[in-house]
Amino acid sequence: MSQLVHLGRIRLPRRARWRIAGGLVVLLLLFGLRGPLLRGLGGFLVVEDPAERCDAIFVLSGNAQDRGQEAARLYHAGYAPTVVCLGGESNPALELYGIFVSTAEITRSVLQEAQVPEADIELLEEGTSTYEEFVAISEWCHRRSWDKIMVVSSRFHTRRIHAFFRLRLHFSGIQMVLRGARDRVFEEETWWKSEPGLIFVNNEYVKLLYYWLKY
């Protein structure tokens, strides 16, 4: 009992008390500003260009529904005469039922449902990563003599594409117009309030660091 009383009388140095108080104030400020700060983290991932007339629209693999619909909207607005669907991997969930279709084929189905003529859709069934898709796009453009293209992906994916694609395509003689599709699964302005949003943003920052270190 005497030991407890003795410990209860221990006083921290003034400097330590100020540090603790300062830390609590910072934590309270961060908590109060969490909305704008987290919104800014998401906003940093978005890099888009004004839509311009291009030789073709390339739709990156993944989230075929949203990206495909955005590409169809841009096609119908007259920004390009051709839409190229990327992605060589198949959907694991569909494989369980014996259905083997590439992500490029899934995106093509979305475009067809959006009234994009089949004659104006091309399949580029290559690439399982952003790097591999860049290589596939670059080679495809050189074979077709295309020098100005539009690339469509999810909005929170555009920062990484901008950082990795743009300069490399420029040195290849290809100009890129980058456009992002909004995600239907979560609200971008409040991405931290949903599990899909948390996973997407977390993964993008990890991948940004990975691409920065590797490439």
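Reader: What percentage of the contacts with a separation of 6 or more in the protein chain comes from residues 24 or more positions apart?

Author: Here that figure is 74%. Keep in mind as we go that this is a predicted model.

Reader: Noted. How many helices and strands does the protein chain have, and what pattern do they follow?

Author: You'll find nine helices and five strands in the protein chain. Going along the sequence, they run α-α-α-β-α-β-α-α-β-α-β-α-β-α. As for burial, 39% of the 215 residues are buried.

Reader: Let's turn to helix packing. How do I read the way helix 8 sits against helix 9?

Author: The general idea first: a pair of packed helices is described by the angle between their axes and the distance between those axes. In this case, the axes of helix 8 (residues 158-171) and helix 9 come within 10 Å, with a crossing angle of roughly 10 degrees. Angles under 35 degrees count as roughly parallel, so helix 8 is roughly parallel to helix 9.

Reader: Which residues meet there?

Author: From helix 8 come Arg 159, Arg 160 and Phe 164, and they meet Glu 204, Lys 207, Leu 208 and Tyr 211 of helix 9. Sorted by class, that contact has three nonpolar and four charged residues, with no polar ones.

Reader: Now pockets. How do I read the largest pocket, and what is its volume?

Author: In general, you roll a probe the size of a water molecule over the atoms, and that shows where empty space is left. Here the largest pocket has a volume of about 450 Å³. Its lining has 19 residues, and the closest to the pocket centre are Ser 61, Gly 62, Arg 67, Arg 160 and Lys 207. Arg 160 and Lys 207 also take part in the contact of helix 8 with helix 9.

Reader: Which helix gives the largest share of that lining?

Author: Helix 9, with six residues. Helix 7 (130-144) and helix 9 (195-214) each supply at least two. By class, the lining divides into three nonpolar, nine polar and seven charged residues.

Reader: One last stop, a single residue. Where is Tyr 79, and what does Tyr 79 touch?

Author: Look in the loop between helix 4 (64-76) and strand 2 (83-86). Tyr 79 is partly exposed, because its relative accessible area is 26%. Leaving aside residues up to four places away in sequence, Tyr 79 touches Ala 51, Glu 52, Arg 53, Cys 54, Leu 74 and Met 150. Tyr 79 and Met 150 are 71 residues apart in sequence, with 8.6 Å from C-alpha to C-alpha.

Methods: Residues numbered from 1 in each chain as written. Predicted model: local features only at pLDDT ≥ 70, side-chain atom pairs only at ≥ 80, totals over all residues. Heavy atoms only, no water. 1 Å grid on protein atoms, 1.4 Å probe; cavity = no way out; pocket = protein on both sides within 12 Å on 5 of 7 lines; lining within 4 Å. Points joined across faces, edges and corners; volume = space filled by probe spheres on them. Helix = DSSP H or I, 4+ residues; strand = E, 2+ residues; numbered from the N terminus. Nonpolar A, V, L, I, M, F, W, Y, C, P; charged D, E, K, R; others polar. Axes fitted to C-alpha atoms, helices over the stretch in contact; angles between N-to-C directions. Parallel < 35°, antiparallel > 145°, perpendicular 65-115°, else oblique. Contact = heavy atoms within 4.5 Å. Buried < 20%, exposed > 50% of the residue type's maximum accessible area, 1.4 Å probe, protein only.
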